[in-house]
Amino acid sequence: MLIGNLGRDPEIRHFEGGSKVTKFPIATNENYQDKSGEWQTRTEWHDIVCWGSQAERAEKQLRKGHLVFVEGRISKRKWQDKDGNDRYSTEIVSNTFKLLEKRDNNLTRGYSEDFPTAHDSFQAAEYTTGNDSTDQADDDLPF
């Protein structure tokens, strides 16, 4: 499961048998604190592949910059380029995806602005992990 922003518009390909495939990259961010205490962001790129009706839906609904949830499986492939060299690729073959926001063409808000950073999450955890008896009294779960 991944949540990230599209790096470009989906590209669709049609095959002779009528099947369709769409490919697009998404960027996910991880925020962490380095040894000196400074907050850093690490961006990872993932190649997403959608087949059939999902490919058509991706082509119609998704655009560069959109925030999207993708659920799928990792697929590793080995192939040869035109010079006969072995090449390798790792892709996420989508089982499902969901557009998490609709954007206007002029809207430039990005992924990191939509979600709390790791620093924000840490600060929120400090306030919610206190020993407050009113919170515990309302909890009727057996575990």
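Residues are numbered from 1 along each chain as its sequence is written, and side-chain values use heavy atoms, with hydrogens and water left out. Because the model is predicted, local features need pLDDT of at least 70 and side-chain atom pairs count only at pLDDT 80 or more, whereas totals for chains, interfaces and linings use all residues.

The protein contains four helices and six strands, taken as DSSP runs (helices H or I, at least four residues; strands E, at least two) and numbered from the N terminus. Along the sequence these elements follow the order β-β-β-β-α-β-β-α-α-α.

Strand pairing, which requires that DSSP finds at least two bridges between two strands, was examined for β5. Strand β5 (residues 67–80) pairs with strand β1 (residues 2–6) in the antiparallel sense over four bridges; here Gly4 stands opposite Val68 of β5. Strand β5 also pairs in the antiparallel sense with strand β6 (residues 86–99), over 13 bridges. Within this pairing, Thr90 in β6 is the bridge partner of Lys76. Five residues separate β5 and β6, which form a hairpin. In the turn, Gly84 has a positive phi of about 85 degrees.

Of the 143 residues in the protein, 27% are buried (under 20% relative accessible area, 1.4 Å probe, protein chains only). Among contacts (heavy atoms within 4.5 Å) with a separation of 6 or more, 57% are between residues 24 or more positions apart.

Methods:
Buried < 20%, exposed > 50% of the residue type's maximum accessible area, 1.4 Å probe, protein only.
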